[in-house]
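Me: I would like to go through this structure and ask what stands behind each label. Please set the values against the definitions.

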Amino acid sequence: MLDFFTIFSKGGLVLWCFQGVSDSCTGPVNALIRSVLLQERGGNNSFTHEALTLKYKLDNQFELVFVVGFQKILTLTYVDKLIDDVHRLFRDKYRTEIQQQSALSLLNGTFDFQNDFLRLLREAEESSKIRAPTTMKKYEDSEKAKKPVRSMIETRGEKPKEKAKNSKKKGTKKEGSDSPLATSKATPAEKSSLSVGAENGVELSKEELIRRKREEFIQKHGRGMDKPSKSTKSDAPKEKGKKAPRVWELGGCANKEVLDYSTPTTNGTSEAALSEDINLIRGTGPGGQLQDLDCSSSDDEGAAQNSTKPSATKGTLGGMFGMLKGLVGSKSLSREDMESVLDKMRDHLIAKNVAADIAVQLCESVANKLEGKVMGTFSTVTSTVKQALQESLVQILQPQRRVDMLRDIMDAQRRQRPYVVTFCGVNGVGKSTNLAKISFWLLENGFSVLIAACDTFRAGAVEQLRTHTRRLTALHPPENHGGRTMVQLFEKGYGKDAAGIAMEAIAFARNQGFDVVLVDTAGRMQDNAPLMTALAKLITVNTPDLVLFVGEALVGNEAVDQLVKFNRALADHSMAQTPRLIDGIVLTKFDTIDDKVGAAISMTYITSKPIVFVGTGQTYCDLRSLNAKAVVAALMKA
């Protein structure tokens, strides 16, 4: 039993709708549009919303969407056939009205499709009930029964026919490989006897015929079949005696002035290093704004300069035919046209560190988006598929909800409470380092920060945060802010309950008037159930405003596994009815991957959450906001 079936245009006009069990289809269809169609996630034609399963089909030629909804506990095998039949009949019946491509014509059009749909539904249900009875295969129908009994009997000492044939082939190869040596050792007497025997008409044996053929072949082509002699040693006499000693650049050197790279110092600190450090730290931009991520490199600039130079080897005709190659004029794209291009695109995405499953789903989404679309006269399949994939990737990197921390912090200030951010992730991805970077960014924007040291497991975790706090305090001393402490560390040592420390830190921040609380947690693997339970407890008890997952840009398929299991663990171990999941992503070590930026695509695709920050270095100012177009350009670069 179907809940509903609706047909609407991609512009949002509902052309026809069938209401079954469900009272309204607005909510599920809107969820499908927001989560799948607008986010370019059409790799799978099925979507689950609450208790319903929605299946859809896109008609890219006429810009239509066909959606059917039914209860997900039901297994309806005829749904796919029903969508195909309805799509074919509706398109053929109302082709004239749809081809006008105007909203007014669609609104004024009358789509009386109720009787046709009920007929197709009835036929689909009956076809699913009528199934041919499955009969077991008899022995007489098998291939084994067709073989004679003699062919299946193997006696000791005999080989099967296939093995005997292979051994014969190997034997002939061995004989052929030994032919030059055998013929080279033949005496002149044997050669004369062979020739005489052939001339007299005497019937020669098989071995004699083979030997004679070898002789003729060698006489015809010369003795070049012999193995080349080994390279002899050069007769040039070696120079005796020890050469002048080599002077190593990094070894000991008598001239110490060459190794003196020191610069004048001021109070024990190098003046050049001090000035460079201050300039580097103050590099976040005016007003503490984050700079956009730049994925270009010097290699790209050199390649662009080289590409601008005209190639002298290509002629005018070659360039003309190269331009016209692969053009499809005014035809609709099919799966066969795009198959080879999509295979290359999928391999390219995997090579760029995109998870394999995500790459397959992306290519499938592009195929569904372009199938049936009419191409222009001078459009190639490759350029069309590449452009559609670029648009999909940009759309994926710009998800529905955008995290604006500064706006949310100011809203929390008006409510006179601290804004709480919790960092979580696996071991060694840089949670503490990027927490310090975000602290510096918040300090540059005039907000006071309290750092909660809730990593009570790793040795040196509290000391690391203490060092960051001392350095940040030196950059933003209380004297510059009217005697107000801008950054402070809240720590209770090791071996304590992390959830309790976070609760005490939030209460301390509320009493002392801190604007933001940054909660650092211990690194944990996604398969460690006890540690994941402790993390879910910390998030459930303290209800932070923002939960950030810290992941490194070096991972490929592991990124999907980490995010899926972190979200699943937070949902399973939470005691709340609506569990708190990951709200955003901090992508670290982005400066180590060159143009292999696929982890950003994998993480955003699997969670539909935005990448809030990107870590690009080791200094406090190495924090960027994600530039979706720059990332996609680096991803699509050959």
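**Labels and their grounds**

Me: What makes the pair E552 and K589 a polar contact?
Reply: The side chain of E552 comes to 2.9 Å from the side chain of K589. A polar contact is a pair of N or O atoms within 3.5 Å, where within protein one must be able to donate a hydrogen and the other to accept it, and residues adjacent in sequence count only if both atoms are side-chain atoms. The pair E552 and K589 is therefore listed as a polar contact, at 2.9 Å.

Me: What kind of model is this, and how are residues numbered?
Reply: This is a predicted model, in which local features need pLDDT of at least 70, side-chain atom pairs count only at pLDDT 80 or more, and totals for chains, interfaces and linings use all residues. Residues are numbered from 1 along each chain as its sequence is written, and side-chain values use heavy atoms, with hydrogens and water left out.

Me: Why is E552 called buried?
Reply: Its relative accessibility is 19%. Buried means under 20% relative accessible area, exposed over 50% and partly exposed in between, with a 1.4 Å probe and protein chains only. At 19%, E552 therefore counts as buried.

Me: Where does E552 sit, and which residues does E552 touch?
Reply: E552 belongs to strand 15; strands (E, at least two residues) and helices (H or I, at least four) are DSSP runs numbered from the N terminus. Leaving out residues up to four places away in sequence, E552 touches G428, V429, L587, T588, K589, A599 and M603, where contact means heavy atoms within 4.5 Å.

Me: What is the strand order of the open sheet of nine strands?
Reply: The order is 8-18-17-16-15-11-14-12-13, with mixed pairing. Strand 8 (291-292) and strand 13 (487-490) have a single partner strand each, so they stand at the edges and one side of each lacks a neighbour in the sheet.

Me: How do you know that strand 17 and strand 18 pair?
Reply: Two strands pair if DSSP finds at least two bridges between them. Strand 17 (residues 611-615) and strand 18 (residues 623-625) are joined by two bridges in the antiparallel sense, so they meet the definition. G615 is opposite L623 of strand 18.

Me: Which helix packs on this sheet, and at what angle to strand 14?
Reply: Helix 18 (residues 431-444) packs there, and its direction makes about 170° with that of strand 14 (516-520). Axes are lines fitted to C-alpha atoms, for helices over the stretch in contact, and angles run from 0 to 180 degrees between N-to-C directions. Helix 19 (residues 461-475) lies across strand 12, strand 13 and strand 14, at about 165° to strand 13.

Me: What makes strand 5 mostly covered, and which strands pair with strand 5?
Reply: In strand 5 (residues 64-71), seven of eight residues are buried. Strand 1 (residues 4-9) runs antiparallel to strand 5, with six bridges, and T6 has V67 as its bridge partner. Strand 4 (residues 52-59) is also antiparallel to strand 5, over eight bridges, with Y56 opposite V67.

Me: What makes helix 24 mostly covered?
Reply: Seven of the nine residues in helix 24 (residues 628-636) are buried, among them V631, V632 and L635. The buried residues pack against helix 14 (335-351), helix 16 (381-397) and helix 23 (598-607).
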